[in-house]
Amino acid sequence: MGIVMRHIASGKLIFYLKGAETVMINKVRPNQRTVITESCDNLANEGLRTLVISQKLLTEEFYQQWVQRYEVAKADLNDRERLVA
């Protein structure tokens, strides 16, 4: 699950994504995967469940292009679920 937020003071667009380690491991840069795996393993050894949260700065241009594609996908009557995903 993800959300896009605009930082009030700076105006920057930030995309936050959360999920289980097994899902998120494939969504982060390869050099970050070891850190996630080790951290989650250490917490699991203590009997704790984990949730991974990541963030990415978005350009205004990228966001506006995404919004246009998303609106088209939401309006599709035949394949809406797949296109929105």
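Rings of Phe, Tyr and Trp (its six-membered ring) pair with centres within 6.5 Å, and planes under 30 degrees apart are stacked, over 60 edge-to-face, the rest tilted.

The model is predicted: local features need pLDDT of at least 70, side-chain atom pairs count only at pLDDT 80 or more, and totals for chains, interfaces and linings use all residues. Residues are numbered from 1 along each chain as its sequence is written, and side-chain values use heavy atoms, with hydrogens and water left out.

## The rings in helix H3

By the pairing rule above, the count comes to 2 aromatic pairs. In the pair of Tyr 63 and Trp 66, the ring centres are 6.1 Å apart and the planes are at 25 degrees, so this pair is stacked. Why are Tyr 63 and Trp 66 separated by about one helical turn? They are separated by about one turn because they are 3 residues apart in helix H3. Trp 66 and Tyr 70 are both in helix H3 too, 4 residues apart, which is again about one turn of the helix.

| Residue | Relative accessible area | Class |
|---|---|---|
| Tyr 63 | 22% | partly exposed |
| Tyr 70 | 28% | partly exposed |
| Leu 58 | 16% | buried |

## The sheet

Three strands form an open sheet in the order S1-S2-S3, and their pairing is antiparallel (DSSP must find at least two bridges). Strand S1 (2-6) and strand S3 (52-58) are at the edges, each having a single partner strand, so one side of each has no neighbour in the sheet. On average, neighbouring strands of this sheet are turned by 20 degrees against each other, direction ignored. Strands (E, at least two residues) and helices (H or I, at least four) are DSSP runs numbered from the N terminus.

S1 and strand S2 (residues 13-19) run antiparallel and are joined by 5 bridges. Within this pairing, Arg 6 has Leu 13 in S2 as its bridge partner. The hairpin of S1 and S2 has 6 residues between the strands, and Gly 11 there takes a positive phi near 80 degrees.

## Where helix and sheet meet

Helix H3 (residues 60-75) lies across S1, S2 and S3 and runs at about 105 degrees to S3. Axes are lines fitted to C-alpha atoms (for helices, over the stretch in contact), with angles from 0 to 180 degrees between N-to-C directions.

Which residues is Leu 58 in contact with, leaving aside its neighbours within four places in sequence? Leu 58 touches Val 4, Leu 13, Phe 15 and Tyr 63 (contact means heavy atoms within 4.5 Å). Leu 58 itself is found in strand S3 and is buried. Leu 58 and Lys 12 are 46 residues apart along the chain, while their C-alpha atoms are separated by 7.5 Å.

How values were computed
Buried means under 20% relative accessible area, exposed over 50%, partly exposed in between (1.4 Å probe, protein chains only).
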